[in-house]
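Please look over the notes below with the model open beside you. They cover pockets, a disulfide and a sheet.

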Amino acid sequence: MLTRNIPGLLIAMISVLMPIAGNTAANVVLQGNVTEQTCAASAGSDNFSVDLGSWAAKTLNGATGKVSAEKPFSIKLEGCPAVAISIIFTGKGADGSSDLLAIDSGTDVAKNVAIELLNSDMSRLGVSEASKPVTADANGNAIFNFYARYISTASQISAGQANASSVFTLNYN
């Protein structure tokens, strides 16, 4: 196994006692892993765009939660250790739902629309949640398949640009 968890009193779990108002105390627990190697994004998987297409407003109007067709995208990793790996997408959450990516602000932007990310099994992947884990193959390669689609956040939407951005990080389990 290429990943080592260093338990207890060493690095992975450090408890710090700090005084709080009078004689009470609180514990702060810091956790992590020390890995011998990490993955790298393959060419084309480090900075890319997913084209969600153009959709008529009527596609998403009428009820909260109406969705466009999903668009597939993949993230390919190389040089990975033989452990379970998940991806966490971060970005600004949509008003009323931190699970959805907010549309970038600006002029001429769509209103009451967000972007929903989905795992390969079509289950919702909320912003800042870990994806379904994947284990690298014998060559250290791992492929994550995802989907993205527009979703209405109110019964009436307004047409406009509907772009969002996200950063992904790797989580080694």
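**Notes on the predicted model**

1. The largest pocket holds about 770 Å³ of space. A pocket here is an open set of points on a 1 Å grid over the protein atoms alone, where a 1.4 Å probe fits, with protein on both sides within 12 Å along at least five of seven lines. Grid points are joined across faces, edges and corners, and the volume is the space filled by probe spheres set on the points. Lining residues have an atom within 4 Å of a point. The largest pocket has 34 of them, and Val50, Leu52, Ile115, Asn163 and Ala164 are the closest to its centre.

2. A word on the basis. This is a predicted model: local features need pLDDT of at least 70, side-chain atom pairs count only at pLDDT 80 or more, and totals for chains, interfaces and linings use all residues. Residues are numbered from 1 along each chain as its sequence is written, and side-chain values use heavy atoms, with hydrogens and water left out.

3. Which elements line the largest pocket? At least two residues each come from α1 (57-60), β10 (113-118), β12 (142-152) and β13 (167-172). β10 gives the largest share, three residues. Helices (H or I, at least four residues) and strands (E, at least two) are DSSP runs, numbered from the N terminus. By class, the lining has 22 nonpolar, 10 polar and two charged residues. Nonpolar covers Ala, Val, Leu, Ile, Met, Phe, Trp, Tyr, Cys and Pro; charged covers Asp, Glu, Lys and Arg; the others, Gly among them, are polar.

4. The second largest pocket has a volume of about 280 Å³. Its lining counts 16 residues, with Asp95, Ala102, Ile103, Asn112 and Val113 nearest the centre. β8 (93-94) and β10 each give two or more residues to that lining. It splits into eight nonpolar, four polar and four charged residues.

5. There is one disulfide (a pair of cysteine sulfur atoms within 2.5 Å). It joins cysteine 39 and cysteine 80, with the sulfur atoms 2.1 Å apart. Cysteine 39 sits in the loop between β4 (34-35) and β5 (40-41), cysteine 80 in the loop between β6 (71-78) and β7 (84-90); the two are 41 residues apart. The S-S torsion is about 135°, so the disulfide is right-handed. Both cysteine 39 and cysteine 80 are buried (under 20% relative accessible area, 1.4 Å probe, protein chains only).

6. Last, the sheet. Three strands form an open sheet in the order β11-β7-β13, with antiparallel pairing (strands pair if DSSP finds at least two bridges between them). β11 (134-135) and β13 are the edge strands. β7 and β11 pair over two bridges. Alanine 84 stands opposite threonine 135 in β11.

How values were computed:
Buried means under 20% relative accessible area, exposed over 50%, partly exposed in between (1.4 Å probe, protein chains only).
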